[in-house]
Amino acid sequence: MTHKKNLHVLYPYNDMEKYIEQVLKYIQDGIAAGEYTIIVENDRLYPLIHKELCKRLTDDQLKFIHFVNNFDFYCSSGSYHPPAIEQYFNKMVQPYVENKISFRSWAHVEWATIDEPLDIIEEFERIVDEAVNQLPFPLICAYAAHKMPPYLEKILLETHPYILIEDDIIISDRYTPAPSIK
């Protein structure tokens, strides 16, 4: 994967083995580039990822990984609420930004039912897109493609300038940048 700093990537996945391999590769690429990785993942998958990382990395390299439970991250206010998520994110990256430490992030976006956050995901993804460009840092947003209704797919393609397909990052032809919030 590229070492570009302001990279906001959609990763629609179907296969869990390939998903885990992509996470591992992203973390290893980050370590090779001297970047810390903030991994926002569920507590069912993270132990599998961590177990594999322990086989591939040294103890010193493992210190470059910061795990955040994705339920805590996305529902810190009790529900999927973009301003609360943004506040949680800003607090989480503050030490990296203040100390000028390079970092990247991987976010596994999940929710309990398909009815939940569809109407507010666009707002959140626009906030994230601006953050990626302001700080700058690379971010991959992973969504289960098989759970993605057409309305959500349209939003995600419009809010992510890049898409990860297999091992290639391609430019989205449907991306529409939001006007600056400033």
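Predicted model: local features only at pLDDT ≥ 70, side-chain atom pairs only at ≥ 80, totals over all residues.

**Aromatic pairs**

I looked at Y11 and Y13, whose rings form a tilted pair with 6.1 Å from centre to centre and 40 degrees between the planes. I then checked the accessibility of these two residues and found both Y11 and Y13 buried.

Next I turned to Y26 and W106, which form a tilted aromatic pair at 5.6 Å centre to centre, with 55 degrees between the planes. This pair links distant parts of the chain, since Y26 belongs to helix α1 (residues 16-32) and W106 to strand β4 (residues 103-108), 80 residues apart. Both Y26 and W106 are buried. I also looked for a charge over the ring of Y26, and noted that R104 lies over its face, at 4.4 Å from the ring centre.

Which residues do ring pairs link into a cluster? I listed Y36, F64, F89, Y96, F103 and F137.

**The chain as a whole**

I noted 7 helices and 7 strands in the chain, and read their order from the N terminus as β-α-β-α-α-β-α-α-β-α-β-α-β-β. Among contacts with a separation of 6 or more, 78% are between residues 24 or more positions apart.

For burial, I recorded that 47% of the 182 residues count as buried. The accessible surface of the chain comes to about 9500 Å², and 53% of that surface belongs to carbon and sulfur atoms.

Note on methods: Residues numbered from 1 in each chain as written. Heavy atoms only, no water. Phe/Tyr/Trp six-rings, centres within 6.5 Å; stacked < 30°, edge-to-face > 60°. Buried < 20%, exposed > 50% of the residue type's maximum accessible area, 1.4 Å probe, protein only. Helix = DSSP H or I, 4+ residues; strand = E, 2+ residues; numbered from the N terminus. Lys NZ or Arg CZ within 6 Å of the ring centre and 35° of its normal. Contact = heavy atoms within 4.5 Å. Areas by Shrake-Rupley, 256 points an atom, 1.4 Å probe, with all protein chains shown as cover.
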